[in-house]
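Please look through the sequence and the 3D structure below, and then read the briefing that follows, which is grouped by topic.

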Amino acid sequence: MSRAAVLFFVLTACAEREPGLMVSVTAEVASPLSLDTATLSIERVELVRCETARPWWRTLSPISTAWAHGGADVEATDPRVVVAPVLVALTSGEAQPVATFAPPPGSVCAVSLTFAPSTADARAQGTTLFLEGAGTRQLSTRRYVVTKSFDARALDEAHPALTLRLRFEAAPPGADGDQTLAALLATVSVVADERT
Amino acid sequence: MSRLLLLVLVLTAGWSTACPTCTCANPALTTIGADQPFAGRIRLATTFRAWAQQDGRAELDRAALRELRLDLTASWTPLERLTLILNVPLQARERTDVSLAKERGFGPGELDLTARVLLVGAQTFRPRHLISLLASARLPTAPTLHDATGSALSLDAQLGPGAFVPALGVSWTAFIGDRWSTFASLTGDVPLEGRYGLRIGPGVQVVGAAQFQPIRWLGLRAGVDARYEAVSFLRGVASPELAGLLTQALADVIVSPVSRLLISAGVRVPFVDTRPGPVSSTPIASLTVLVDL
């Protein structure tokens, strides 16, 4: 019996994984366009922390905080930043995944979206906005950074999941691609849904 | 294969009923490795340890590790000059990443086999000095841990690097009267490539301690445990974060409530750490129970 116990103890190995904090960003087009192709390129998504007051003891400290590494390295490893090109199909009314974050604990208050010429998907043909069909062909290669705020949402063990739903009101094409893109981005709104 | 070997060893092993001389003239309370060997001596020990470490940059890639570890150690001296030491760890480890995602693993760790060859101090009833040569090998016996979906845990959550680690060293124990003893050792190891293509940098470890026994059954030990480790490589890419010198102060209280039983409780507190990290290690608490058969 004791040998069996020793064997069980020695030979047994087990493991488990428990998910952490997660923020999903999706895009929905309220009034999809009836075109053959209509794409909007998002190159970068960032969760923006709520501004927090500096603790009083930090103001007394003569030692400043320094990063051992910086610049592109921090950008590449910042869990609040996703640099991955994604195309939003403006012809679809369904929720489309844009980015998923595994961020550190803290509160987030906004999401920053960088709309820029697509670097990864041939359907967009290197454009930010590409519309084609029904006798229309428009494109824009402009770059916009749009930051949309929402009520502060805590991310911690009690609030581990959050979904940010981006909503676009796709209007009929304007005079040219740049104008259509500007009009489209003016309609972006964000809804924060907390999941438990 | 290693599990099969372990299975055979456990099934075929019998409990020893040999009784070594307990009237050994040296009154120093010694743990395995620092003790006076004599033919037939068998010692068994369990050491419970708890430690934690944080590495990485806050808000970016910080990960926290914590571990509870039980080392089962047996030492056997078949010849007066030769002692064989086997150490089998059982570990429970948890890794928490920057997003609070956790990986937990439990199981046997990596087995250590050590041969200690006594160069100075043999065939003496009460030697003042014991100088030994140490040769050891850590074997990659910790299985690769997988979660319920079959995906392997990260490298840091595994219970060891999964590498063969040969080591060589020398140790010196000095007994000064009935109340004082000192211990020093110097070992170097050169890990081979292990799990996920990790090759931990070669390391040198120095331990130095002095022990005072105000009364026969009580020992107080203090010293330094320092390790320097060269740069590690992960799939051929240098990973210098944990390379450097980590020096810890050690303090132990050793009691022997009855003959053949020794209990030691101690702590190791980091005080010089040149590893670029960023990394921080907590003090390590330990409790050892040792029996002379």
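Ala15(A) stands opposite Gly105(B) in S4(B), and this pair belongs to a place where strand S1 (residues 14–18) of chain A and strand S4 (residues 102–108) of chain B run antiparallel, joined by 5 bridges. This is a predicted model, in which local features need pLDDT of at least 70 and side-chain atom pairs count only at pLDDT 80 or more, while totals for chains, interfaces and linings use all residues. Residues are numbered from 1 along each chain as its sequence is written, and chains are lettered from A and ligands numbered from 1 in the order in which they are written.

**Strand pairing**

- Strands (E, at least two residues) and helices (H or I, at least four) are DSSP runs numbered from the N terminus, and two strands pair if DSSP finds at least two bridges between them.
- S4(B) also pairs with strand S3 (residues 82–96) of chain B, in the antiparallel sense and over 7 bridges, and in this pairing Thr96(B) has Lys102(B) as its bridge partner.
- The hairpin of S3(B) and S4(B) has 5 residues between the strands, and in this hairpin Leu100(B) takes a positive phi near 70 degrees.
- In chain B, 3 strands form an open sheet with antiparallel pairing, in the order S9-S12-S13.
- Strand S9 (198–199) and strand S13 (237–239) of chain B stand at the edges of that sheet, and each has a single partner strand, so one side of each is left without a neighbour in the sheet.

**Nonpolar cores**

- A nonpolar core is a set of buried Ala, Val, Leu, Ile, Met, Phe, Trp, Tyr and Cys residues joined through C-beta atoms within 7 Å; a residue is buried if 20 or more other C-beta atoms lie within 10 Å of its own, exposed if 12 or fewer, and partly exposed in between, with C-beta atoms placed from the backbone.
- The largest nonpolar core has 35 residues, and those touching the most other members include Val25(A), Leu40(A) and Val45(A).
- Among the elements of chain A that each supply at least two residues of this core are strand S2 (22–29), strand S3 (37–49) and helix H4 (177–185), and S3(A) gives the most, with 5 residues.
- A second, separate core of 9 residues includes Leu29(B), Ala45(B), Phe175(B) and Leu262(B).

**Positive phi in loops**

- Glu59(B), in the loop between strand S1 (42–55) and strand S2 (63–79) of chain B, has a positive phi near 70 degrees although this residue is not a glycine.
- Tyr196(B) lies in the loop between strand S8 (180–189) and S9 of chain B, and has a positive phi of about 60 degrees.
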